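Here are my notes on this entry. Please keep the 3D view open as you read.

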Amino acid sequence: MIKALPDKYIRKAIFTAVNGIVVNTKTILCYDTKATSQAKDNYIILSTQSNEVDKSVKCGYRWESSILIDIITRYSISGNTGSRLLADDILDKVREVTDNLTLDVASGLTIVTQSQSFPNDLVSETQNEIIYRKLMRIEFLIN
Amino acid sequence: MSTFIKGEDLILYVHDGTIYRPLACLTSNSLSQTQSIIESQTKCDPGVTIKDAGTMSYDISAEGQYIDTTTAITGALTKASHDYLFTILGTSVTWKLDSGLAGTVAYFGTAIIGDLSLDAGAGDELATFSCTLAGSGEIVTTDPV
């Protein structure tokens, strides 16, 4: 039997852990998929999620799930264009507070293992700003 | 039309004196039988070898991921993992191999747990166990308990 899809429970656990963290005196907010137009220059996006059914044990099916977390910092293209320093610090704080997550008891799901990985950084420029992005992927085995 | 049986449906159980406990969490289990053959060459049957069935022996092996079956909070008190098998190592147990599917045969027998091992890796690798039950007597299709 396949248990409930864990996506919303994973997002809830991560949102609870990271939304409002304070890094270098800045309060960093978290958004699902995309930021609102009122978002400040520095924020966290809960990005793509994927799941696969793990049938390796006979006790019941499990989920192999992953989520990509996007750390975004924006600076004006003119003058001081900033650096990746703040993005680094936000990522490190996110890594710390998501190191040992638990899912809502009501979900009936339990995290068996979780691991963090850090894909390549992304940098992009527009006419007005330069955007530094740091990424973290968390992979879960969920029973 | 043939009815295929998935490997995941065939679960190995051991009887604890009250109930059959499923081994947990199994990743694989197998039943291996060997029938010895007695050969004879006599002058009554010149030029040929006569073969008769000798004794039958069998082994059951199982591998799984180690879970806690001693704590009520995990809800696994009715299962048997390394922690339970450890307590009955070297003793004779009644076992059952059953798919639980309608119309399929369950096998029963008595065996001694002769081998039991626990493997614990590093990082996110889950602890695993494996065991071998040395069969004693016949394999039957009716529950002896």
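The points below cover the interface, then the nonpolar cores.

1. Start with a caution. This is a predicted model. Read each point below with that in mind.

2. Look at where the chains meet. On chain B, 15 residues are in contact with 11 residues of chain A. Together the two chains bury about 970 Å². Carbon and sulfur atoms account for 53% of that area. Three residues stand out on the chain B side: B:Glu8, B:Asp124 and B:Leu126 supply 45% of the area that chain B buries against chain A, more than any other three residues.

3. The rule finds 0 salt bridges between chain B and chain A. Strand 3 of chain B (residues 26-40) gives the largest share of the side that touches chain A, with 4 residues. By class, that side of chain B has 6 nonpolar, 5 polar and 4 charged residues.

4. Turn to the largest nonpolar core. It has 27 residues. A:Ile14, A:Ile44, A:Ile69 and A:Val94 touch the most other members. Several elements of chain A each supply at least two residues, including strand 3 (42-54), strand 4 (62-76) and helix 2 (85-97). Helix 1 of chain A gives the most, with 5 residues.

5. Pick out A:Val94. Leaving aside residues up to four places away in sequence, A:Val94 touches A:Val18, A:Ile21, A:Ile44, A:Ile69, A:Ile71 and A:Met136.

6. As background, nonpolar side chains tend to be buried together in soluble globular proteins.

Terms used
Residues numbered from 1 in each chain as written. Chains lettered and ligands numbered in written order. Predicted model: local features only at pLDDT ≥ 70, side-chain atom pairs only at ≥ 80, totals over all residues. Heavy atoms only, no water. Contact = heavy atoms within 4.5 Å. Buried area = accessible area lost by both parts, 1.4 Å probe. Salt bridge = Lys/Arg side-chain N within 4 Å of Asp/Glu carboxyl O. Nonpolar A, V, L, I, M, F, W, Y, C, P; charged D, E, K, R; others polar. Core = buried A, V, L, I, M, F, W, Y, C linked by side-chain atoms within 4.5 Å. Buried < 20%, exposed > 50% of the residue type's maximum accessible area, 1.4 Å probe, protein only.
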